Amino acid sequence: MIDSVLVANRGEIARRIIRTLRRLGIRAVAVYSEADAGLPYVREADEAVPIGPAPPARSYLDAGAVIAAARRAEAAAVHPGYGFLAENAGFAAGVIDAGLTWVGPPPRAIELMGDKINARNLMEQAGVPVAAGSREPVDGAAAAVAQAERIGYPVMIKAAAGGGGIGMSAAGNEAELRAGFETARSRAERFFGNPAILLERFIERARHVEVQILGLNDSRVLTLGERDCSVQRRHQKVAEETPSPGVTPGLRARMLAAAVRAGEAVGYRGLGTVECLVDTSTQDFVFLEMNTRIQVEHPVTEMVTGIDLVEQQLMIASGDGVSFDPAAVRSDGHAVELRVYAEDPRRFVPSPGLITEWVEPSGPGVRIDAGYAAGNEVTPFYDPLLAKLCVHGSSRDEALRRARAAVDGFRIRGPKTNLPFHAELLDSDEFAGGDYDTSVVARLRP
Amino acid sequence: MTEVRAEMVANVWQVVAAEGESVADGDTLVILESMKMEIPVLAECPGTITKLVVAEGDVVQEGDLIAVIE
């Protein structure tokens, strides 16, 4: 096993990775920007290296600074977490070229899946269902209109190199398409440095369901169940659960088999997620994209399987097997994750500021993955995720009941948070009933 | 005279309008960015921008003056 790991991330995920490193007796090295020096993960690491000023481009996205920090701290490996450099094939290759172990999939797999158009084409060849959509980048408004005629309205407009819902919009007609195309192109250029756009047939009533995969060193690809991530605002996830209340055993079997084919098609190693959309009217699913890293919502899978996913990443990166029997993966009960964001709970606009009070709930089945504590400043430089409130129960009802009590028990003062929204979500008939789709938040906020 | 102030801590991403320009109610003056979200700051009345005190790359605090419209 690797003996030391630099965690190239911040906040809750850095802290969560450091927790497993310390449990396994592996030396944990954190990196931090000037804005993050006071966060808990910096204190909890065995060693912490400053890597630059607050803006991400000058710190967490600075590949040279991260690799230099790993050398300085004599770390043997780099774990990228999610976001920032996690899906940057050039960075992964740079880590490997520096003689360090990359805790992630082969750079080639990252590259193949990083371009959504390429990934769609590849998946279609591998026999994974994809929605009608672009086979090559849409290079102008006129081309977009022509492609949309072929695909059929409504269409979804996306950045080919994108993620996090940035620049994404649905268009029901040519006028909306032209407007959405320009927005998508400028955001794609700005956020991803790549203006390539793709169109996909938009599914009106869909659930967002993803499959956790794990590629082993003997080239087998395992699945560890699905996660339902249909509760979204601005195309960003707000709450997730497993198992999905909208997936029948037959559909689950088909999705898991497709996810294995997806992983095998790119020679996948390590932890990855195959994201799909399920059409609630037909129970058909299509491939959306593959995330070649640990997912924000991984704790729900850990809670029902009892498997530490970060540990498996470290073992696979070390060239070892996994810590569990692949033939005997269990799924006990139900788990839900609520993302606690620093934002206004009505309009969902950011609310940075100083945290004056922070009291975490506890109780049976409750797990909190938090990036902050009282006295920390939430700055405008990074995403608004403060903590993940994760709850396990023997049934969905029990998990939701425990989650509702935990929401009331979580006290954060200073920045506004979306905890009141989570209370409303859990109290809503639509979510509680389980028969919801990706428009559930929009219906709660008409 | 109307003062336009920042609603939250944010970075100034784009300055869309300029001093001396006349604006209509709802026109975008600047676009702030906070926590990976773009937040347009709009004119709340028609008039002429007599002051525009932020530049791209600035950090504004909650309540900071952005512009004055007369």
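**Close-up 1. Helix 3 and the strands of chain A that it lies across.** In this predicted model, helix 3 (residues 63–72) of chain A lies across strand 1 (4–7), strand 2, strand 3 and strand 4 (77–79) of chain A, and it runs at about 150° to strand 3 of chain A. Helices (H or I, at least four residues) and strands (E, at least two) are DSSP runs, numbered from the N terminus; angles run from 0 to 180 degrees between N-to-C directions, and axes are lines fitted to C-alpha atoms, for helices over the stretch in contact. Residues are numbered from 1 along each chain as its sequence is written, while chains are lettered from A and ligands numbered from 1 in the order in which they are written. Because the model is predicted, local features need pLDDT of at least 70 and side-chain atom pairs count only at pLDDT 80 or more, whereas totals for chains, interfaces and linings use all residues.

**Close-up 2. The parallel sheet of chain A.** Five strands of chain A form an open sheet in the order 3-2-1-4-5, with parallel pairing; two strands pair if DSSP finds at least two bridges between them. Strand 3 (47–52) and strand 5 (101–102) of chain A stand at the edges with a single partner strand each, so one side of each has no neighbour in the sheet. Strand 2 (residues 27–33) of chain A pairs with strand 3 of chain A in the parallel sense over five bridges, and in strand 3 of chain A the bridge partner of A:V29 is A:E47.

**Close-up 3. Helix 12 against helix 13 in chain A.** Helix 12 (residues 396–409) of chain A and helix 13 (residues 419–427) of chain A pack at an angle of about 150°, their axes being 10 Å apart. The two helices are therefore roughly antiparallel to each other, a term used for angles over 145 degrees. A:L400, A:A403, A:R404 and A:V407 of helix 12 of chain A make the contact with A:L419, A:H422, A:A423 and A:L426 of helix 13 of chain A, where contact requires C-beta atoms, placed from the backbone, to lie within 7 Å.

**Close-up 4. The antiparallel sheet of chain B.** Four strands of chain B form an open sheet in the order 1-8-6-3, and the pairing is antiparallel. Strand 1 (2–5) and strand 3 (22–23) of chain B stand at the edges with a single partner strand each, so one side of each is left without a neighbour in the sheet. Strand 6 (residues 47–52) of chain B pairs with strand 8 (residues 65–69) of chain B in the antiparallel sense over three bridges, and the bridge partner of B:L52 in strand 8 of chain B is B:A67.

Definitions and conventions: Angles under 35 degrees count as roughly parallel, over 145 as roughly antiparallel, 65 to 115 as roughly perpendicular and the rest as oblique. Two residues are in contact if their C-beta atoms, placed from the backbone, lie within 7 Å.
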